[in-house]
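The sequence and the model come first.

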Amino acid sequence: MLQRPEAEARAQLLDVHRYEVALDLTCGDEEFASRTALHFTAREPGDTFVEIKPAALHAATLDGHPLDPAALDGNRLPLTGLAAGPHELRLDATMRYSRTGEGMHRFTDPADGESYVYTQLFMDDVQRVFGAFDQPDLKAVFELTVTAPPTWTVLANGRTEQLPDGTWRAAATPRISTYLVAVAAGPWHSVRTEHAGLPFGLHCRRSLAPHLDADTEELFALTRRCFDRYHQIFTEPYPFDSYDQAFVPEFNAGAMENPGLVTFRDEFVFRSAVTDTERQTRGMVIAHEMAHMWFGDLVTLRWWDDIWLNESFAEYMGYQVLSEATRFTGTWTDFAVARKGWGYDADQRPSTHPVAPAPDDVPDTASALLNFDGISYAKGASALRQLVAWMGEKDFLAGINDHFARHRFGNATLADFLDSLARATDRDVHAWAERWLRTTGVDTLTPTLVEDDGAWHLDLAHNGSRPHRITVGAYDPDPAHTGRLTPRDRFDIDVPADGDPARRTFAQAAPALVVLNDGDLSYAKVRFDPASWQAVARALSGLPDPLTRAVVWNAARDLVRDGELAPTAYLDVARDHLPHESDLAVVQGVLAFARTQIADRYLPPEARHTALTTLTALSRAILRRTEDPGEGTEAGLRLTAVRVLIDSATTPEAIQGWLDDGSVPGGPALDHELRWRILGRLAALGATTPEAIDAELARDPSATGSEGAARCRAALPDPAAKQAAWDALFTADADADAELSNYLFTATATGFWAPEQQDLLRPYVARYFAEVPALAARRGPALAKAAGRYAFPAACVEEATLRLGERCLAGGDPTPALRRALDDQLDDLRRALRVREAAANAAE
């Protein structure tokens, strides 16, 4: 791993000008050839190194003089005795394809046998593809040529052309960082258009062509609208020569902001029915990655402590621009109910960190990689939303545009950005940043309502250290509609960083409900006074604004997680109000929390059946309401209810009948996603066979089908099936290429730990903690993260699991990526145990 002092020293020594990279992808399924010429200048005499991770380094020359390939130490080739002045380094190597989504990933589509490769070079994985001075502040121009099979098309950061000899040449890039270089090659299905004088393209595997074609109009419309909106608010024009969006297989992230060639996970090419909220999420990711063309690509962080300058801004701008420029106007409701909890959860774990960590807290690339979490994304975006509310959008955008102008095609730090904001406003943005960006944890705001002499008073207790500008909503019962609430008043309160705001007094009776942070413009947990919670329990679905309802549902979620509201009470509110909820994002978010956290983790095993029965009844109520759904929200509500019904089934008969009939009564017809979902649930219940799984795979011989089959086989409650799944996950094979790819690993792991199978699974808990450190060390950070997230025995919420995990952390020597994942999982396990204990104590 690269240490920050090493990067700083190398940046002082070198100016890097240009890379000439030639890749040959015709060398077989396991390896490819990589030749690189690096042109750079040493400002003074000195020593440094270049990074490369080859299968074999065949030759290296510096200024025409050979270097000894045997001098390669790990990933570093020393460059000693550099004279001041220009230099040329040439490297000739054979590199390995990846099966983990890192470096140059290779995938063969089981649907048609076609192969595809693409790069994911983030953080320090460019070294898996070509030699580089691999740090973000050594930007350079990149000139790429690629030799590929004759039926393939090659995509890159710039426009590509096929030369007479069959090789492909990409246009030279502007100055960009090494981690942003991108290549994607294969027999792509491509759809192209032009907008604002630039070529735009959409690309996917051939087997997904009909599904991409079905959504081409929507995807291009979203891309054009977001592109135009960014040009309205940013004075710096789009800085690259084309805009391609490639949907690639087995991608670890949602997407990657490579300049001119954004790569997306190809689940965003929908091959089965999805809800409109899921289409909105895809639109947000498109807007998010486009924002990176400015935040991250045009102006890039100097070191990884400032990753929030990339991700928090892209997250904020993605939601904001999508809501301003497209039909998806409810994006902030989705953010509140589906995304913000990610930030709250991460910020309450021991592994929390500031949005903008201190430089000493990110000493190397391994520690930097751990900060791509809910804090850098969701909390950072929430902080920016509060900043805009505090300083005003006009000044905020002026500061952003000043930042772009001062640092275009260069690197910048938090201090640089704050200086640009300060030039645009008279607000003390440096003090704001110290409170919001350099601190950890979640503030809590608690109201107290006092009535006397026909007036009511609002006292607000602030537990935390940040200033907040929030809106308070006051609501009364709607006299014309039983069960509805109508707004009485909305007013703003400035909460000081230290202490509580002054009492507010109103010359009238107290409202039925007071909602703090109405509109969700700040980042804080909010509580209710007792009367307000009673109003929530009676009439939550009667609140007129979906964003207000999202704020209330988030508060209820926090109360459960903090042991202040019984999980069963949350289910009661969901049962009473979700059948009347009209916002898809709210329904999906609440049901996801109820199903995966409350039923599977926060309730003891003996209460799980009752919880699943409640969720089944709730889902059937939504189905009754949507018997003639048509399209849009009603169809999305129905699809959501069907999914939860399947996942919550406690007996197999009804869902087996759906599978046999090929349809849910009243619709929808079962597509591939629903069929695999049903089969997975039947497998967990012990109500299907390996032969039925094989038959379904023959029906759907796609990559998604292969993952579905792996998930189902691992879920079978059979000792031999469990052992086979375990061996596939954890046993080192003499042929490393036979190990599971990242997606098949995740599918197998998620099927394995079925909560219904506690007795069968318990012996594997100790095996997990004994074997996972070696797996993580052998297979690298991406698989380590997957092993910590998906293969963790989350279904076994027991003190014994906690003790085994703590011993693994203390003596198992896990890699940094695995250690962070285990830290977080064990903290979530402690929370689940506390929630169970609190609920049990309250029931006594």
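Which residue in β14 does alanine 156 stand opposite? Alanine 156 stands opposite valine 183.

## Basis

This is a predicted model: local features need pLDDT of at least 70, side-chain atom pairs count only at pLDDT 80 or more, and totals for chains, interfaces and linings use all residues. Residues are numbered from 1 along each chain as its sequence is written, and side-chain values use heavy atoms, with hydrogens and water left out.

Helices (H or I, at least four residues) and strands (E, at least two) are DSSP runs, numbered from the N terminus.

## Strands β11 and β14

β11 (residues 153-156) pairs with β14 (residues 183-186) in the antiparallel sense, over 4 bridges. Two strands pair if DSSP finds at least two bridges between them.

Thr153 and Leu155 point one way from β11; Val154 and Ala156 point the other way. All are buried (under 20% relative accessible area, 1.4 Å probe, protein chains only). In a regular strand the side chains alternate between the two faces of the sheet.

## A four-stranded sheet

An open sheet of 4 strands runs in the order β26-β23-β22-β28, with mixed pairing. Its edge strands, β26 (504-506) and β28 (525-526), each pair on one side only.

β23 (residues 455-463) meets β26 in the antiparallel sense over 3 bridges. Here tryptophan 456 stands opposite phenylalanine 506 of β26.

## Helix α10

Helix α10 (residues 429-436) buries Val429, Trp432, Ala433 and Trp436. Seen down the axis of α10, these buried residues fall within an arc of 100°, so they line one face of the helix. The arc is that of the directions from the helix axis to the C-beta atoms.

The cover over these residues includes α7 (375-391), α9 (414-424) and β24 (468-477).

Methods:
Buried means under 20% relative accessible area, exposed over 50%, partly exposed in between (1.4 Å probe, protein chains only). Contact means heavy atoms within 4.5 Å.
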